[in-house]
Amino acid sequence: MGHSLLCLLGLFLLSTVRHGNTEDLGVKATLTADRLTIPAGGSVTLTCDVKNSADFQYVWFREPHFNSEKTAVAGESKRELVTSDAGIYSCRGHKGTNSVTEESNSVTIQETGHGVKITVTANSTTIPAGGSVTLTCDVKNSADFGYVWFSEPSLNSNQKTTVAGESKRELVISKGGIYSCRGRIKGTNLLTEESDPVIIQETVSNRITVTLQHSWSQIFTGETITLRCEIQGGEGKVWKYEWTAPNTNSPPTSSEYRISRVSVSHSGDYRCRGSSDYLLTGWSDAFTLTVSSSKPRATLTAQSSVIPAGGSVTLSCSVEGSAGWKFDWFRRDSVSSKAQLMRGNEANRVISVSQGGLYHCRGGRGDPVYYTEDSSDVTVVETFPSKPTVTLQPSWTQIYSGETVTVRCEI
Ligand SMILES: *[C@@H]1O[C@H](CO)[C@@H](O)[C@H](O)[C@H]1NC(C)=O
């Protein structure tokens, strides 16, 4: 009994030694800083505030870095402390030697170039359709910080807003945009510099298709073609395009993919997708391009190889297996003469001729124009009026016995 009383007494005595002459004022000092980073060759002003602070003096504490020893800053007892030394600062106010305040929050002051490095990392830069992405605000000694998140609907939109109600180190988002964060030193309103922004794209469900500019069923080596990427419902936005294609290292970034003089090696699947600010479409279905190695030949057929007297026959030109052709027509008098272009770039594959000769044709399409091989020659003959005429020379109307005349038969 007497033994434990002695113990209690001992404890009591110890307490009086610690607090005996000191009155805890029950108020907390508040430390503010005009900035968190010491500019090169400059300083930071710290202010220690206590309510009803008349006649107060101050003690300043500094920890050179996290988890190092905290010591009082020698010779500083004013409400303001101007310092050029980095470290973690706190303060306390006191009246005389007896009445002290609680110690303030601590504030971390960085040297220039050693500012609190803060970054945002994302577990993916693309939000899958209907999914989400986790952002993490990374800062050294993260336990000392709370966080503020910012989002911007697009770069340089000047519409940066604070993400309401989010102060954790991780932020789960399901909307695309530009995100950044700042650390808030715990127990203060002091914020770190802002992190670099991260751009998170959101997958949109717009339908996207690849089509060939001309709906030609067959493409031949040497033709120039254009593929188009179309985003349905994507009007009114500026899109950037991405292509996957065989046989290229540098696909275009526009909606049109032009290939000059295609070859068989361009055969394969073409896909595209679009992005606009933070929106990203899925990949289109593949458009399969097949390039034929052969050059097609035009075929000329004549309705008849004989032109009736005073009449005409129709010739028709065709290219098998594909569409979009226009036709050029040539004629020559004989095998040994040179062919002349009669008509060029005719949309109609049928023409009517009334002159005999050797005819051939070819097809052409695209820009620049791609030509088929010439068709074989087709010979068409004219029928001359078959009735011969008899003429008399001189053309006297009456002839008398003994006169000499010539009777001529003309075809
Ligand atoms: C990223 O985070 C989100 C939300 O927490 C999660 O649903 C998703 O599966 C994560 N993605 C990856 C690639 O880890």
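## An open sheet of three strands

Three strands form an open sheet in the order β19-β21-β23, and their pairing is antiparallel. The structure described here is a predicted model. At the edges of the sheet stand β19 (208-212) and β23, each with a single partner strand, so one side of each is left without a neighbour in the sheet. On average, neighbouring strands of this sheet are turned by 15° against each other, direction ignored.

In general, the strands of a sheet pair through backbone hydrogen bonds, in either a parallel or an antiparallel sense. Here, strand β21 (residues 225-231) pairs with β23 in the antiparallel sense, over four bridges. Within this part of the sheet, T226 stands opposite R258 in β23.

## Aromatic pairs

A search of the whole structure finds five aromatic pairs. One of them joins F220 and W325: the ring centres are 6.2 Å apart and the planes stand at 45°, so the pair is tilted. F220 belongs to strand β20 (residues 219-220), while W325 lies in the loop between β30 (313-319) and β31 (326-332), so the pair ties together parts that are 105 residues apart in sequence. Both F220 and W325 are buried.

Y257 and Y270 form an edge-to-face aromatic pair, with 5.7 Å from centre to centre and 75° between the planes. Y257 lies in strand β23 (residues 256-259) and Y270 in strand β24 (residues 268-276), so this pair ties together parts that are 13 residues apart in sequence. Y257 has a relative accessibility of 8% and therefore counts as buried. Y270 is buried as well, with a relative accessible area of 0%.

## A cluster and charges over rings

F220 and W325 also belong to an aromatic cluster, which they form with Y370. The ring of W325 has a charged residue over its face: R365 lies there, at 4.2 Å from the ring centre. A further arrangement of this kind involves F61, where K70 lies over the face of the ring at 5.9 Å from its centre.

## Nonpolar cores

The largest nonpolar core has 36 residues. Those with the most contacts inside this core are L46, W60, I109, L135, W149, I173 and I200. Strand β13 (residues 133-139) provides the largest share of the core, four residues. A second, separate core has 19 residues, among them V210, I225, V262 and V291.

## The surroundings of I109

I109 is one of the residues with the most contacts inside the largest core. The place of I109 is in strand β10 (residues 107-111). Is I109 buried or exposed? With a relative accessible area of 2%, I109 is buried, because buried means under 20%.

Which residues does I109 touch, not counting residues up to four places away in sequence? The contacts of I109 are A33, R35, L36, I38, V44, L46, D85, A86, G87 and Y89. L46 is itself listed with I109 among the residues with the most contacts inside the largest core.

Note on methods:
Residues numbered from 1 in each chain as written. Predicted model: local features only at pLDDT ≥ 70, side-chain atom pairs only at ≥ 80, totals over all residues. Heavy atoms only, no water. Phe/Tyr/Trp six-rings, centres within 6.5 Å; stacked < 30°, edge-to-face > 60°. Helix = DSSP H or I, 4+ residues; strand = E, 2+ residues; numbered from the N terminus. Buried < 20%, exposed > 50% of the residue type's maximum accessible area, 1.4 Å probe, protein only. Lys NZ or Arg CZ within 6 Å of the ring centre and 35° of its normal. Core = buried A, V, L, I, M, F, W, Y, C linked by side-chain atoms within 4.5 Å. Pairing = 2+ DSSP bridges. Axes fitted to C-alpha atoms, helices over the stretch in contact; angles between N-to-C directions. Contact = heavy atoms within 4.5 Å.
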